[in-house]
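I opened my notebook to write down what I looked up in this structure. Here is the picture first, then my entries.

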Protein chains: 2
Amino acid sequence: MGDRKVKENMRNIALLVEFDGTRYAGWQRQKNVLSVQEALERSIAKIMKHDVTLTGCSRTDAGVHAAGHVSNFRTTNPIPVDKIPIALTTALPDDIAVLEATEVDLDFNARYGARAKRYAYRIWNHPRPSALRARYVLHEARPLDTVAMGEAAQFFVGKHDFRAFMAMGSSAKTTVREIYKAEVEKDGYLIRIVVEGAGFLYNMMRIISGTLLYVGLGKIETDAVPSIIAAGRRQAAGKTLSAKGLCLERVWFDAPLFFHHGGGIP
Amino acid sequence: MGDRKVKENMRNIALLVEFDGTRYAGWQRQKNVLSVQEALERSIAKIMKHDVTLTGCSRTDAGVHAAGHVSNFRTTNPIPVDKIPIALTTALPDDIAVLEATEVDLDFNARYGARAKRYAYRIWNHPRPSALRARYVLHEARPLDTVAMGEAAQFFVGKHDFRAFMAMGSSAKTTVREIYKAEVEKDGYLIRIVVEGAGFLYNMMRIISGTLLYVGLGKIETDAVPSIIAAGRRQAAGKTLSAKGLCLERVWFDAPLFFHHGGGIP
């Protein structure tokens, strides 16, 4: 009966979160360093009047940003769901923003429910770095062939064994992942590598971006990319680019959860 | 003869500088706090192998950003002028970038030679703040009437006594200034108040922006703006908006100095 009462009051709340990852040791809570999860849990605890544990859609690395990270937590607090982002605004640090909150089924899990994700890697391709964009881009002073980069990106689309694009020393049950879209956009000096996929291996997006950067520089031939994928040797792919250029832009679930979806960084 | 030799070797170098003002106590060197001028002078001293004194086009306030600040310094170092920005790249902190350097006449002075400036004030007009734009915008959650703001902005164009738009307690020989352009641009949730003028009083751009914000909120009638200007009472104008939304975008001199001109923040 007591158990049943708890269950009846229990709510599952999903959050759409934007964060600047510069100050944080990644999404996931860790000892002795500040994570986005911990900062967010602390602010939510103040509003909800009880400790909460967030389940995140993705463990982003230290320094990686998000325009549309999704997480969920359980609460018995009856606060109307649309009041949660408003109440959180003053409780949160400036570099974390809860854009929307929505009530979801009790069995919704932001980690296991995530069906696809979009990441963008941003490169500032200008002879000089940009002081006003420094936190959100990798600076590359040498001219890049973005047409070649866009052609090479197409080879990543589809279901492939991406073991060559996984950080050395990490492990995964399977290194096969499906990529739905991989494009290179250019807007003035800003180059965006946009990749959508069902899942990503550890550092996969940063290694794909590093490989496309090498294609842009002429260090890797466009046509060499399929054989780099097929050979499965990490050393043949490009370097792992700096975390600060990476942004988790959007996450898809079985059904749409939010009105916003994270617009990315301009 | 000695004097003459120094003069013959002396060069005057103008710099186009982008900076994120968040960490700095404004442009001008001050005791016990870090200014953009001091950080920049230190880096230049390393490259030039002697102390330098910069003359800046404008004393921006603490927290104000610049996409195209111009300053100049004298040196007898024969380094080719186009090598200066490259040499400075590694010496500068990430939040200051020298985009271009050019050699100018010995009598060029970035402060007295500045003929006009463009400032942009940026407002993020969305129910929730943006974590990825927090350093560069003022957040306003209430809906703003940007059409009314644009109409009101037109009243600032022309030669007016702007004493109502000067920080209380500050002084100026004359409070008459000429504004060439004042426009309100809207791009999604981002509103930019763009003002070009021959000169600006202390806090003038932030008070003009605060007045236009009040117009956008319906707190000040569009048609009331001319009488607020004419009355010359600081209390009748809007509040002084936060420094972080302000960016010095461009400075004009008698002749163009640079190929770039500071693109602003997107």
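Predicted model: local features only at pLDDT ≥ 70, side-chain atom pairs only at ≥ 80, totals over all residues.

**Entry 1: chain A as a whole**
I began by listing the secondary structure of chain A, which has six helices and 10 strands. Next I wanted to know how compact chain A is for its 266 residues.

**Entry 2: two domains in chain A**
Where does the domain assignment put the domains of chain A? It gives 2-113 as domain 1 and 116-248 as domain 2. I looked up how far apart the centres of these two domains of chain A are, and the answer is 29 Å. Then I checked their contact: domain 1 of chain A puts in 13 residues, and domain 2 of chain A puts in eight. On the domain 1 side, I noted seven polar, four nonpolar and two charged residues.

**Entry 3: a helix pair in chain B**
A reminder I jotted down: two packed helices are described by the angle between their axes and the distance between the axes. My pair is α4 (residues 146-154) and α5 (residues 204-217), both of chain B. Their axes come within 8 Å and cross at roughly 140 degrees. Roughly antiparallel would need an angle over 145 degrees, so α4(B) and α5(B) are oblique to each other. I looked up the handedness too, and the crossing of α4(B) past α5(B) is right-handed.

Which residues of α4(B) and α5(B) meet? From α4(B) I wrote down T146(B), A148(B), M149(B), A152(B) and A153(B). Their partners in α5(B) are L212(B), V215(B) and G216(B). By class, this contact has six nonpolar and two polar residues, with no charged ones.

**Entry 4: where chain B touches chain A**
Last stop, the contact between the chains. Chain B brings 20 residues to it, and chain A brings 20. Which elements of chain B each supply at least two residues of its side? I found β1 (11-19), β3 (65-75), α3 (83-91) and β4 (96-104). The largest share comes from β4(B), with three residues. I sorted the chain B side by class as well: 12 nonpolar, five charged and three polar residues.

Key:
Residues numbered from 1 in each chain as written. Chains lettered and ligands numbered in written order. Domains from an automatic or database assignment. Contact = placed C-beta atoms within 7 Å. Nonpolar A, V, L, I, M, F, W, Y, C, P; charged D, E, K, R; others polar. Axes fitted to C-alpha atoms, helices over the stretch in contact; angles between N-to-C directions. Helix = DSSP H or I, 4+ residues; strand = E, 2+ residues; numbered from the N terminus. Parallel < 35°, antiparallel > 145°, perpendicular 65-115°, else oblique. Left-handed = near helix turned anticlockwise from the far one by under 90°. Rg over C-alpha atoms; globule rule 2.2 N^0.38 Å.
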